[in-house]
Amino acid sequence: MPMQRVGDLEVHYRERGQGSPVVLIPGNWTTSLWWQPLMELLPSGFRAIAPDLRGRGLTRGPALPQAIPTHAKDLHGLLDALGLMRVHLIGHSLGSAVAMQLALEHPERVHTLTVLAPAWVDGMPAAYNLPAHQLSLHDNRDYFAAAMRGMAPGAPDDSLWQQLLDEGHQQHRDASLATLRALVDWTPGERLKSLHAIPSLVVSGETDPLSTVDMGKRCASLMGARHHVMKGVGHSPNLETPRDFLGVWSEFAAEQ
């Protein structure tokens, strides 16, 4: 798998295809592997690039800081290192915050912006700020597996799923705890209105217990984005129904 030096990191990323670059940003407790089913379905004419975020997967270097602007800086450095001047950005969950932050800081680099199961744009509610829960996920793999199943109820229980669990469970402890503070502190809110010039799509899972449909509506309203709700899908449409999600995204991207 390819690696690229970016600041204090050796960033690991997965890559597939050639053509217009599509950068796929994974969420918390996940790695670039969560994008594999979508990457395998991506039509010709696109080059998919999915990095492992700081503190996760095969990316090497300091796990801290975990601030959303730090992740956006890492991603911007990767775009520069790979010579990607303007890209389609697709971010999932935590990765959606990274995508939105990059678009706020460097709108000229974003061809289209898609946020999937968007992060809380007004800061993570206190009810989710549970460090003991994060540590339990590290300490008990069965508990971790059950929690991840709750985030992707429709994902096939196959060998890929087991590999996803293996990779995700290796997330750095410091990254897990610091991500809570990062999501509490990230409050772009009304600033997202500055993204109206970027063609944007927000995708929500109808049964998502974490990033609700109402959260998707709020995010789409701020960005002036199209909002699509995927029926009967949870927090991870990219893994649960990759073909359907790709259909929604492809129709959106073709119009831009």
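Analyst: Begin with burial: a residue counts as buried when its relative accessible area is under 20%. Keep in mind that this is a predicted model.

User: How many of the twelve residues of α3 are buried?

Analyst: Eleven of the twelve are buried, so α3 is largely enclosed by the rest of the structure. Among the buried ones are Leu94, Gly95, Ser96 and Met100. They pack against β3, α2, β5, β6, α7 and α8.

User: What length does α3 reach from its first C-alpha to its last?

Analyst: The general idea is to compare the span of a helix with 1.5 Å times one less than its number of residues. For α3, with twelve residues, the span is 17 Å, close to the expected 16 Å.

User: At what angle do the axes of α2 and α3 cross?

Analyst: Angles from 65 to 115 degrees count as roughly perpendicular. The axes of α2 and α3 cross at roughly 70° and come within 8 Å. The two helices are therefore roughly perpendicular to each other.

User: Which residues in α2 and α3 meet?

Analyst: From α2 the list includes Ile68, Leu75 and Leu79, and from α3 it includes Leu94, Val98 and Leu102. By class, this contact has nine nonpolar, three polar and one charged residues.

User: How do α4 and α5 cross?

Analyst: Helix α4 covers residues 131-139 and helix α5 covers residues 141-151; their axes come within 5 Å and cross at roughly 115°. These helices are therefore roughly perpendicular to each other. His133, Ser136, Leu137 and Asp139 in α4 meet Arg141, Tyr143, Phe144 and Ala147 in α5. Four of the residues in this contact are nonpolar, two are polar and two are charged.

User: How many residues has the largest nonpolar core?

Analyst: A nonpolar core is a set of buried nonpolar residues joined through side-chain atoms within 4.5 Å. Here the largest has 46 residues, and Leu89, Met100, Leu113 and Met223 have the most contacts inside it. Elements giving two or more residues to this core include β2, β5, β6, α7 and α8. Its largest share, eight residues, comes from α3.

User: What is leucine 89 in contact with, leaving aside its neighbours within four places in sequence?

Analyst: Its contacts include Val23, Ile25, Leu75, Ala99, Leu102 and Leu113.

User: Where is tryptophan 29 found, and is it buried or exposed?

Analyst: Tryptophan 29 is found in the loop between β3 and α1. Its phi is near 60°, a positive value in a residue other than glycine. With a relative accessible area of 5%, tryptophan 29 is buried.

User: And what is phi of serine 93?

Analyst: Phi of serine 93 is near 55°, again positive in a residue other than glycine. Serine 93 lies in the loop between β5 and α3, and at 14% relative accessibility it counts as buried.

User: Which residues does a cis peptide bond join?

Analyst: Leucine 64 and proline 65 are joined by a cis peptide bond, with omega about 0°. Proline 65 has its place in the loop between β4 and α2.

How values were computed. Residues are numbered from 1 along each chain as its sequence is written. This is a predicted model: local features need pLDDT of at least 70, side-chain atom pairs count only at pLDDT 80 or more; totals for chains, interfaces and linings use all residues. Side-chain values use heavy atoms; hydrogens and water are left out. Axes are lines fitted to C-alpha atoms, for helices over the stretch in contact, and angles run from 0 to 180 degrees between N-to-C directions. Helices (H or I, at least four residues) and strands (E, at least two) are DSSP runs, numbered from the N terminus. Angles under 35 degrees count as roughly parallel, over 145 as roughly antiparallel, 65 to 115 as roughly perpendicular and the rest as oblique. Contact means heavy atoms within 4.5 Å. Ala, Val, Leu, Ile, Met, Phe, Trp, Tyr, Cys and Pro count as nonpolar, Asp, Glu, Lys and Arg as charged, and the others, Gly among them, as polar. Buried means under 20% relative accessible area, exposed over 50%, partly exposed in between (1.4 Å probe, protein chains only).
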